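Me: Please take a close look at one part of this model, namely the surfaces through which its pieces meet. I would like one connected account, with the cut-offs behind each term.

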Amino acid sequence: MALEIEVIINGQQKVLTIEPYDLLIDVLRREGYKSVKRGCSEGTCGTCTIILNGRAVKSCILLAAQAHKGSIVTVEGIGTRDQPHPLQQAFVEEGAIQCGFCIPGIILSAKALLDNNQSPTKEEVKQAMDGNLCRCTGYSGQIKAILSAAAMMRGEK
Amino acid sequence: MKQLQEFIYPNSIEEALSFLDESTEIIAGGTHITVSKNQSFKRLVDITRIGLNYIKKEDHQVRIGSTTTVTEMIESSIVRKIGNGILTKACQLIADTPLRNIITLGGNIARYYPWAGLPVVLLVIDAEIIIVDKEGLEQTISATKYFKNAKVKTGEIIKEVVFPVQSDWFYRYEKFALTTVDYSWLTMAFGAKNEGGSIVDPHIAVSRITKVTRVSEVEKLLEGKELSKLNINEVIQTLRTSVNVVSDYRSSKEYREHLLGILFKRMLNEMKEEGK
């Protein structure tokens with residue numbers, strides 16, 4: 001039995017018609033947010049990470065119905081090609097992207113961290129990223145990029 | 001999961017209770033729902049909007065609502081005082097950040113998977129679980145009784161857990177795993193008072209290598225023993241034979257028994273050191 005949920009996606013108020021068993025990842029992709037990637041489908045790899053009500057969560061193991069009256073952020077909502085988010089800019093500058101599949105999830109886990117903590121330590125960055133697997137770029141460049149983006153956002157770069 | 005027909009958002013415990021029946025499941029964080037094999041439920045009742053998200057400090061205890069997330073517990077300065085930080089440490093070692101952001105305290109209790117981190121903590125700190133039954137009445141069950149034989153039944157909701165603060169006790173928690181985000185290979189917790197160099201009221205709990213349980217044989221053996229004269233090898237030998245260790249594809253019974261002894265030996269040595 002279909003139901004309607006009210007959500008804010010990237011600042012836009014939406015009313016979506018969903019089935020109670022629809023996964024959040026499927027609804028987001030159906031609505032055109034293709035940055036949300038399907039990886040393991042069991043909440044392990046983190047490619048499907050989004051920000052829900054200010055926290056990074058894995059959309060492949062959440063039901064869309066759980067997001068009712070919530071606020072969602074995907075990569076589509078944080079920067080454009082011409083005006084990238086400082087995190088996106090820093091990832092390009094550090095060469096922290098190879099195949100790119102895990103990157104939308106990684107950017108959002110990093111954004112959730114920086115939104116709550118302007119000056120994270122390297123350890124805090126590592127902990128915030130512990131739910132996102134990357135199998136080709138490697139993590140050290142990504143950690144550098146996140147610390148560099150934090151400095152940019154504090155106006156130090 | 002196509003059998004699922006309804007998703008309900010009640011506003012209160014009473015309203016939530018009115019929807020519960022044999023074909024209904026409760027959902028909070030929901031991390032197990034989409035991957036669970038038992039998918040016969042036709043209705044889900046979301047209990048994250050009925051006021052069970054809180055951490056309340058009282059005189060010598062802390063009440064934590066069942067839908068409080070693991071991240072919220074980690075960030076709480078009140079939780080850090082419980083058992084000298086044992087609950088905070090156990091929470092930090094659960095899964096990974098995006099999962100800790102949705103996994104709840106109640107979920108760790110309602111369906112205690114073998115790898116769940118919190119049951120052993122509840123056991124060693126004598127936590128009490130408050131369950132609201134079908135009639136809306138609150139039942140208080142000690143963690144020891146709950147994990148022995150009292151699982152939450154259809155029609156009931158776990159409301160909160162009451163933790164004594166007990167900051168003058170000695171507590172240790174250990175999750176042995178290959179990486180910080182790996183599933184546990186062995187989870188154990190230990191708590192006791194040090195009264196003038198003697199062990200008083202020891203609590204030992206283990207899980208993952210057996211069904212989550214307290215180890216009363218070793219608790220009896222340790223009661224009243226002087227730390228300086230403690231025969232640790234005898235204690236860990238008793239521990240290894242008292243726990244019904246099972247093997248799985250990751251590690252053998254012998255390996256796990258050995259590990260169990262090593263981890264407990266370290267805890268006892270730390271208690272000795274701290275008491276000096």
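Reply:
**Two interfaces of chain A**

Between domain 1 of chain A and domain 2 of chain A, about 1,200 Å² is buried, and carbon and sulfur atoms give 66% of it; buried area here is the accessible area (1.4 Å probe) that two parts lose on being put together, summed over both. This is a predicted model, in which local features need pLDDT of at least 70 and side-chain atom pairs count only at pLDDT 80 or more, whereas totals for chains, interfaces and linings use all residues. Residues are numbered from 1 along each chain as its sequence is written, chains are lettered from A and ligands numbered from 1 in the order in which they are written, and side-chain values use heavy atoms, with hydrogens and water left out.

Domain 1 covers 3-77 and domain 2 covers 86-153 of chain A, bounds that come from an automatic or database domain assignment. Their centres, taken over C-alpha atoms, are separated by 21 Å, and 16 residues of domain 1 of chain A are in contact with 14 residues of domain 2 of chain A, contact meaning heavy atoms within 4.5 Å. Of the area that domain 1 of chain A buries against domain 2 of chain A, Thr49(A), Ile51(A) and Val75(A) supply 37%, more than any other three residues. The count of salt bridges between these two domains is 0, a salt bridge being a side-chain nitrogen of Lys or Arg within 4 Å of a carboxyl oxygen of Asp or Glu.

Turning to the other interface, 27 residues of chain A are in contact with 28 residues of chain B, and the two chains bury about 2,200 Å² between them, 60% of it on carbon and sulfur atoms. On the side of chain A, Tyr21(A), Arg55(A) and Ile61(A) lose the most area to chain B, together 28% of what that side buries. Across this interface of chain A and chain B the rule finds 3 salt bridges; Arg100(B), for example, forms a salt bridge with Asp130(A), their closest N and O atoms lying 3.0 Å apart. Strand E1 (3-9), strand E4 (55-58) and helix H4 (122-128) of chain A each supply at least two residues of the side that touches chain B, where helices (H or I, at least four residues) and strands (E, at least two) are DSSP runs numbered from the N terminus. E4(A) gives the most to that side, with 4 residues.
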